[in-house]
Amino acid sequence: MIEFDGVRKTYLVRGQETLALEVEQLTIERGEVFGIVGHSGAGKSTLLRLVNLLERPSQGRVVVEGEDVTRLAPAQLRAFRRRIGMIFQHFNLLSSKTVAENVAFPLKIAGTESKAAIAARVEELLALVGLSEHADKYPAQLSGGQKQRVGIARALACRPSILLSDEATSALDPQTTRSVLQLLSDINRRLGLTIVLVTHEMDAVRRVCDRVAVMDGGRVVETGPVSEVFLHPRHPTTREFVLESEHVDREEFQESLQHAEGRVVRLTFKGESTYRPLLGEVVRRCGVDFSILAGRIDHIKDVPYGQLTLSFVRGDVEAALQAFAAAGVDVEVLR
Amino acid sequence: MMAQWLTNVDWLEIGRACWDTLVMVGVSLFFVVLLGLPLGVALFLTGKRQLLEQPLVYAVLSFVVNLLRSVPFVILLIVMIPVTVVLVGTSLGVPGAIPPLVVGGAPLFARLVEAALREVDRGIVEATQAMGATVPQIVFGALLPEALPGILAGVTVTSITLVSYAAMSGVIGGGGLGDLAIRFGYQRFQTDVMVITVALLVVLVQLLQMLGDRLVLRFSRR
């Protein structure tokens with residue numbers, strides 16, 4: 001469990017104290033995949049670096065598994081850091097060491113295991129990330145996705161309970177991003193590891209995260225379960241991210257709204273109801289007619305959802321909306 | 001005509017001078033690396049926004065390095081004479097040239113090491129820190145191996161500088177090819193000796209650069 005309690009981080013910029021981050025209260029539960037999303041400069045990387053104290057808070061407490069990390073003595077801090085793995089946007093592998101040597105590096109630093117034990121562990125880790133045959137290559141000989149897999153193997157070497165991911169998929173192409181996210185998701189499930197994932201891609205959050213915090217201007221502006229935040233964004237920044245991830249242009253959408261007649265409604269189907277022929281049923285029963293303004297069917301982690309923006313004309317629109325609500329569909333009247 | 005032109009050249013003497021130059025450069029390079037590497041690491045670590053940021057220590061180290069580097073080597077040769085006598089018992093010949101060569105070369109090499117370390121991606125230091133590494137573990141495990149090609153390039157530059165410094169030490173009776181060039185080529189107007197020694201120095205520098213480039217390539221994994 002990770003807890004931020006009244007945390008502030010300020011920097012001196014040309015003699016002036018500038019607030020970079022202010023988080024009153026934020027809790028990340030054990031075993032969950034927690035997303036932190038925001039534009040660049042929103043303070044999400046700073047927040048992540050507070051967990052293993054790569055950044056020290058100017059004020060407040062960061063409590064990890066019951067320990068206030070800001071109070072650790074240097075030797076304690078080093079021991080504590082070994083229990084936390086970290087992966088990076090640019091992988092940060094040592095170019096002078098082979099894949100196997102890179103993965104062995106944190107174990108050598110810890111200095112608690114024999115050479116044979118380290119070799120065995122490295123083999124096991126490389127098998128886990130599917131890179132066994134590349135053990136003796138140098139990072140420069142690998143693709144971006146493979147480099148990040150080495151980064152993940154290295155981060156897991158000391159059997160951490162927490163994995164910090166700093167924009168780990170931002171330098172990868174969409175397909176590689178998906179496979180790396182899949183790997184993180186598997187690791188979370190199989191090892192029960194808590195994962196904190198910083199990203200500016202809402203898509204990454206949608207794929208793997210259980211809960212998410214949206215950051216803007218150094219503050220957490222919205223937090224909650226991913227399905228909640230995704231389907232019912234409240235803060236403007238969150239809305240922007242959600243629209244972006246759905247490839248919807250806000251202005252285009254507004255324009256199509258103007259052309260639409262009647263009552264404009266957004267219906268959100270989640271889980272089971274996604275696959276039921278509800279729309280047809282209700283439309284027939286209430287005698288309404290509709291046109292589709294926007295629509296999307298996808299998954300949030302493993303839960304399927306569908307979201308349709310419709311304009312209803314004719315018939316008993318009120319009865320139709322009530323029927324949708326009764327069937328467990330989320331109804332939002334836009335106009 | 002060629003044979004006539006080279007009448008002044010005593011090849012045995014040239015051979016011995018070559019060897020002396022190699023010894024001066026080799027021995028002084030050893031000490032330059034021995035002193036300059038830790039000095040360069042210290043400059044890097046105590047520098048701004050680095051692992052052991054210490055503005056005062058950095059300022060002092062930096063000042064001393066700049067001071068030594070701003071003294072022209074010919075002057076350093078002369079100024080060093082009393083110190084050299086205390087250290088090796090003489091200020092002449094091959095041994096007498098080595099202390100000033102070390103004092104002249106170490107600050108240059110330290111700066112080159114500092115620059116090579118600065119070229120290492122900060123992310124690598126951060127990743128190593130995140131593994132719970134101590135500062136020595138970061139330096140020996142990550143920084144120095146990552147900076148090795150840059151440091152080897154620095155050794156190459158320094159060794160070539162030491163060749164020209166070693167030749168200059170001939171001015172105060174240092175020995176080697178420089179000594180030969182001054183005593184015969186310059187003072188006795190034996191132009192052929194001068195040409196040969198300079199040609200040999202050119203060859204030596206070319207060889208050192210080639211060797212250095214190969215080593216850098218051998219250890220570059222990027």
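Student: Which residue forms a salt bridge with A:Arg314?
Tutor: A:Asp289, with the closest N and O atoms 2.8 Å apart. A salt bridge here is a side-chain nitrogen of Lys or Arg within 4 Å of a carboxyl oxygen of Asp or Glu.

Student: Where do A:Arg314 and A:Asp289 lie in the chain?
Tutor: The pair links distant parts of the chain, 25 residues apart. A:Arg314 is in the loop between strand S13 (303-313) and helix H12 (317-326), and A:Asp289 is in strand S12 (residues 289-300), both in chain A. Helices (H or I, at least four residues) and strands (E, at least two) are DSSP runs, numbered from the N terminus.

Student: What ground rules apply to the model?
Tutor: This is a predicted model: local features need pLDDT of at least 70, side-chain atom pairs count only at pLDDT 80 or more, and totals for chains, interfaces and linings use all residues. Residues are numbered from 1 along each chain as its sequence is written, chains are lettered from A and ligands numbered from 1 in the order written, and side-chain values use heavy atoms, leaving out hydrogens and water.

Student: Is A:Arg314 buried or exposed?
Tutor: Exposed, at 59% relative accessibility. A:Asp289 is partly exposed, at 35%. Buried means under 20% relative accessible area, exposed over 50%, partly exposed in between (1.4 Å probe, protein chains only).

Student: What about A:Arg121, which residue does it pair with in a salt bridge?
Tutor: A:Glu124, at 2.9 Å between the closest N and O atoms. Both sit in helix H4 (residues 115-128) of chain A, three residues apart, about one turn of the helix. A:Arg121 is buried at 8% relative accessible area, whereas A:Glu124 is partly exposed at 44%.

Student: How many salt bridges over all chains?
Tutor: The structure holds 24. A:Asp203, A:Arg206, A:Arg207, A:Arg296 and A:Asp298 are linked in a network of them.

Student: And how many disulfides over all chains?
Tutor: Zero, taking a disulfide as a pair of cysteine sulfur atoms within 2.5 Å. A:Cys209 is buried, at 2% relative accessible area. A:Cys286 is buried too, at 13%.

Student: New topic. How many residues has the largest nonpolar core?
Tutor: It has 55. A nonpolar core is a set of buried Ala, Val, Leu, Ile, Met, Phe, Trp, Tyr and Cys residues joined through side-chain atoms within 4.5 Å. Those with the most contacts inside it are B:Val41, B:Leu101, B:Leu117, B:Leu143 and B:Leu162.

Student: Which helix gives the largest share of this core?
Tutor: H8(B), with 14 residues. Apart from this core lies another, of 50 residues, among them A:Val99, A:Val150, A:Leu193 and A:Cys209.

Student: Back to B:Leu101. What is in contact with it, leaving aside neighbours within four places in sequence?
Tutor: B:Met24, B:Ser28, B:Val32, B:Phe73, B:Leu162, B:Tyr165 and B:Ala166. Contact means heavy atoms within 4.5 Å.

Student: Where does B:Met168 lie?
Tutor: In helix H8 of chain B. B:Met168 is partly exposed, at 29% relative accessibility. Leaving aside neighbours within four places in sequence, B:Met168 contacts B:Phe73, B:Val74 and B:Leu77.

Student: Last one. How many helices and strands in chain A?
Tutor: Chain A has 12 helices and 14 strands. Its C-alpha atoms fill a box of roughly 75 × 50 × 35 Å, taken along the principal axes. Of its 335 residues, 52% count as buried.
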